[in-house]
Amino acid sequence: MKLDIKQIEEIARLARLELNEKEKKMYAEQLSVVLDYVEMLNEVNTDGVEETCQVTGLEDVVRSDKVEECPPDVEEKIIGNFPEKLGNLLKVRAVFSEET
Amino acid sequence: MSSALNKLTIQQAHDGLKKKEFSSVELTKACLARIKKRNSELNAFITVCEELALDEAKKADEMIKKKKPFDGSRSKQKMLLGIPFCVKDAICVAGARSTGAAKILDNYIPPFDATAIKKIREQGAVLLGKNNCDAFGHGPSNENSMYGPVKNPYDLTKVAGGSCGGSAAAVADNMCIFSIAEDTGGSIRQPASFCGVVGLRPSYGRNSRYGIMPMASSLDTVGPMTKTVEDAAILMEIMAGRDERDATTVGDKSIKSVKSIKNLRVGVPREYFESEGMDKEVKKIVEKKIKSVETHRNASIKIIDVSLPMTKYAIPVYYIIVPSEDSSNLGRLDGIRYGVRAEADNLYDVYAKSRAVGFPEEVKRRIMIGTYALSAGYYDAYYRKAQKVRTLIIQDFNRVFEQVDILLTPVSPFPAFGIGEKKDDVLAMYLADVFVGPAAVAGLPAISVPAGKTKAGLPVGLQIIGPRLREDLVLKFASLCEKTK
């Protein structure tokens, strides 16, 4: 499976990664190599084989739905990790711009 | 005595503290002195918490003095009191900068402990710092860290292995008594083999994953890296068990239930010895080690030649499932709520630029492979196909475990390789995990114990793989292998 620069740009857009031209070229080559390699799975007949999503065999694991208070010092630390803030509020760029 | 305190095992350090032969402050200072002396060369730590460590050690000493925590039945509960340790940087530790070895979290200080770390700190263990690793656990060489590669204590021109190269080097070089690390596809076992220490990947679900920076949620495990098998067992007893914050944890805590390993049937899967690129010296060392176990006079062990034909498909399965789950998990790192945010005019650019400068090359590569494999139209061909082959790999192991109780294999086809040697060959790097990938894909417990050294003086590990949730068997057998020569 060969990927071209256009496909790499689309994958990077979906993944929210800004790439420069050199990176696009490099990843186009490397991803193609990896995808070629994993093609070997097509040798394996998987007709009627169930998928493995998890290996524990556990089912319907539940816990009581109760709210745990966040201690004030932990709250302070979480807010302390905000890259930008306004008082205790997290500051972000506008989600809707005028053009959209 | 105090100059060699950093060389002690958990059991030895515990005994010494109990008998008041030395204090936790002395023990901690010995480790810190070793870190100071060696870290600029080895680069095993991203963050050293000197002040915090000495403070915690002082508190431990006071407790030992006043409260007699080692008396009677309480002694078992306080096995780790006053013992200095370190943690892979991709595991969250409250109050200690935890970067995951990526610049996007350069300033991140978690407000909470991962469950496994919480259990260890509740015992009064002393945190020395955070170990370097491949960013978010991506890689078998520790060269994917944005804080530089870790060097192998046995040869500074060689890699320490990955992803937990920092943990392995710190334990091997006696910068700590033990380290807690994380294994998704070999991250504990392979560096343990390269640095000559003990590293256990537990069964998936045995230890809580809560608080580790998630890589592949269906494979990630937290495990110990130690100087002895005994120490690994001590840590497993403390960490194991059900956690409400990780729905995949199992309640079973039987780490030491097996009494005897006499008449054990030991399988040696031929696919692990006939692999392409297998180093002849490594093969010889591992075969010699297996022979020494077979001829051990008290064991009456029967070695049986077995076959695991699906072995070669584990790496392609791994490199679809892991990047897919990675790409989804790493979506949370976007410079919004924590970590480093890039300056940009609009929201999309904040995401794209923060991630562009905050992730190293390999992290971006995996995110893109995963994004592609999960995208509309390709999901069935890649992710679903890999999940089906994963089932066949599990069945392969199940079949073999009807014939034998345990498996012995090499950990890596080669000893530690040169720094930079495989850097430009993505596939060669991925294939370094060829012997550690299968057990991970199947969710099985597996340990690396030192088997010997090459003529050049590089350590080689022996891998012991057990059936699911049979850590008791794996550990008991590993402690026999540790003794044979």
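A crossover is called right-handed if, with the strands pointing away from the viewer, the path from the first strand over the helix to the second runs clockwise. Keep that picture in mind, for chain B holds such a unit: strand β9(B), helix α9 of chain B and strand β10(B) make a right-handed β-α-β unit. The model you are looking at is predicted.

**The β-α-β unit**

- To find the unit in chain B, look for β9 at residues 265-269 and β10 at residues 302-306; the helix α9 covers residues 280-294.
- The two strands, β9(B) and β10(B), pair in the parallel sense, and 5 bridges link them.
- You can check the pairing at one spot, where B:V266 stands opposite B:I303 of β10(B).

**Where chain B meets chain A**

- Between the two chains, 54 residues of chain B are in contact with 42 residues of chain A.
- Five helices of chain B give two or more residues to its side of this contact: α10 (314-329), α11 (347-358), α12 (361-374), α13 (380-403) and α14 (426-431).
- The most comes from α13(B), which gives 10 residues to the side of chain B that touches chain A.
- That side of chain B is made up of 30 nonpolar, 12 polar and 12 charged residues.

**Annotated active-site residues in chain B**

- An unreviewed UniProt entry carries the annotation "active site" for B:K88, B:S163 and B:S187.
- These residues are spread over 100 residues of sequence, yet they cluster in space, with a largest C-alpha distance of 10.6 Å.
- B:K88 is part of strand β2 (residues 84-88) of chain B.
- B:K88 counts as buried because it has 34 C-beta neighbours inside 10 Å, and 20 or more is enough for that label.
- Leaving aside residues up to four places away in sequence, B:K88 touches several residues, including B:N131, B:C133, B:S179 and B:E182.
- B:S187 sits in the loop between β6 (178-183) and α7 of chain B.
- B:S187 is buried too, because 36 other C-beta atoms lie within 10 Å.
- With the residues up to four places away in sequence again left out, B:S187 touches B:G137, B:G162, B:S163, B:C164, B:A181 and B:E182.

**A residue to look up in chain A**

- A:R13 belongs to helix α1 (residues 5-14) of chain A.
- A:R13 is partly exposed because it has 14 other C-beta atoms within 10 Å, a number between the limits of 12 or fewer for exposed and 20 or more for buried.
- A:R13 and A:P71 are 58 residues apart along the chain, and 39 Å separate their C-alpha atoms.

Key. Residues numbered from 1 in each chain as written. Chains lettered and ligands numbered in written order. Predicted model: local features only at pLDDT ≥ 70, side-chain atom pairs only at ≥ 80, totals over all residues. Pairing = 2+ DSSP bridges. Helix = DSSP H or I, 4+ residues; strand = E, 2+ residues; numbered from the N terminus. Contact = placed C-beta atoms within 7 Å. Nonpolar A, V, L, I, M, F, W, Y, C, P; charged D, E, K, R; others polar. UniProt positions renumbered as here; feature names shortened; annotations may be inferred.
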